[in-house]
Amino acid sequence: MTITFYGTALCPRCYLAKKALEKIAAEDADLQIETIEIATHALDGWRKGIRMIPALKIDDDLLSGILLDEQRIRSFIDRHRPGA
């Protein structure tokens with residue numbers, strides 16, 4: 001499964017969300033992370049529905065918010081697993 005992470009190096013909330021996502025991915029060999037640096041790809045992010053960072057996207061489903069902690073990220077990923 002591929003999850004797209006939208007964020008920027010300038011955002012401390014993005015840093016925390018990315019670290020949590022990387023921890024989850026380290027435990028799950030099927031999970032691949034694609035990172036989009038929104039500061040340099042803002043228009044692309046806007047076209048894909050990104051209005052707040054950090055944001056995660058799997059297929060057409062989007063998760064964004066002020067604080068994306070490990071529990072919220074795990075729940076989001078689990079909803080997209082086969083048989084869920």
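Buried residues account for 37% of the 84 residues in the protein, where buried means under 20% relative accessible area, exposed means over 50% and partly exposed lies in between (1.4 Å probe, protein chains only). This is a predicted model, in which local features need pLDDT of at least 70 and side-chain atom pairs count only at pLDDT 80 or more, while totals for chains, interfaces and linings use all residues. Residues are numbered from 1 along each chain as its sequence is written, and side-chain values use heavy atoms, with hydrogens and water left out.

**Overall architecture**

Let's start with the fold as a whole. The protein holds three helices and four strands, and along the sequence they follow the pattern β-α-β-α-β-β-α. Helices (H or I, at least four residues) and strands (E, at least two) are DSSP runs, numbered from the N terminus. The C-alpha trace spans about 35 × 25 × 20 Å along its principal axes. A compact globule of 84 residues would have a radius of gyration near 12 Å, and the protein agrees with its 12 Å; the radius is taken over C-alpha atoms, and the globule rule is 2.2 Å times the number of residues to the power 0.38. Of the contacts between residues at least 6 apart in sequence, 59% join residues at least 24 apart, with contact meaning heavy atoms within 4.5 Å.

**How α1 meets α3**

Two packed helices are described by the angle between their axes and the distance between the axes. Here the axes of α1 (residues 12-27) and α3 (residues 70-78) come within 9 Å and cross at roughly 50 degrees. Axes are lines fitted to C-alpha atoms, for helices over the stretch in contact, and angles run from 0 to 180 degrees between N-to-C directions. The two helices are therefore oblique to each other: angles under 35 degrees count as roughly parallel, over 145 as roughly antiparallel, 65 to 115 as roughly perpendicular and the rest as oblique.

On the α1 side, the contact is made by Ala17, Ala20, Leu21, Lys23, Ile24 and Glu27, and α3 brings Glu70, Ile73, Arg74 and Ile77. These residues divide into six nonpolar, no polar and four charged. For that count, Ala, Val, Leu, Ile, Met, Phe, Trp, Tyr, Cys and Pro are nonpolar, Asp, Glu, Lys and Arg are charged, and the others, Gly among them, are polar.

| Residue | Relative accessible area | Class |
|---|---|---|
| Leu31 | 7% | buried |
| Ser64 | 28% | partly exposed |
| Asp59 | 68% | exposed |

Leu31 sits in the loop between α1 and β2 (32-37). Leaving aside neighbours within four places in sequence, Leu31 is in contact with Met1, Ile3, Leu21, Ile24, Ala25 and Ile77. The C-alpha atoms of Leu31 and Thr2 are 5.9 Å apart, although 29 residues separate them along the chain.

Ser64 belongs to strand β4. Not counting residues up to four places away in sequence, Ser64 touches Met52, Pro54, Ala55 and Arg72. Asp44 is 20 residues from Ser64 in sequence and 16 Å away in space, C-alpha to C-alpha.

**Backbone points worth a glance**

Most residues other than glycine have a negative phi, and most peptide bonds are trans. Asp59, in the loop between β3 and β4 (61-64), has a positive phi near 55 degrees. The peptide bond from Ile53 to Pro54 is cis, with omega near 0 degrees, and Pro54 lies in the loop between α2 (42-47) and β3 (55-58).
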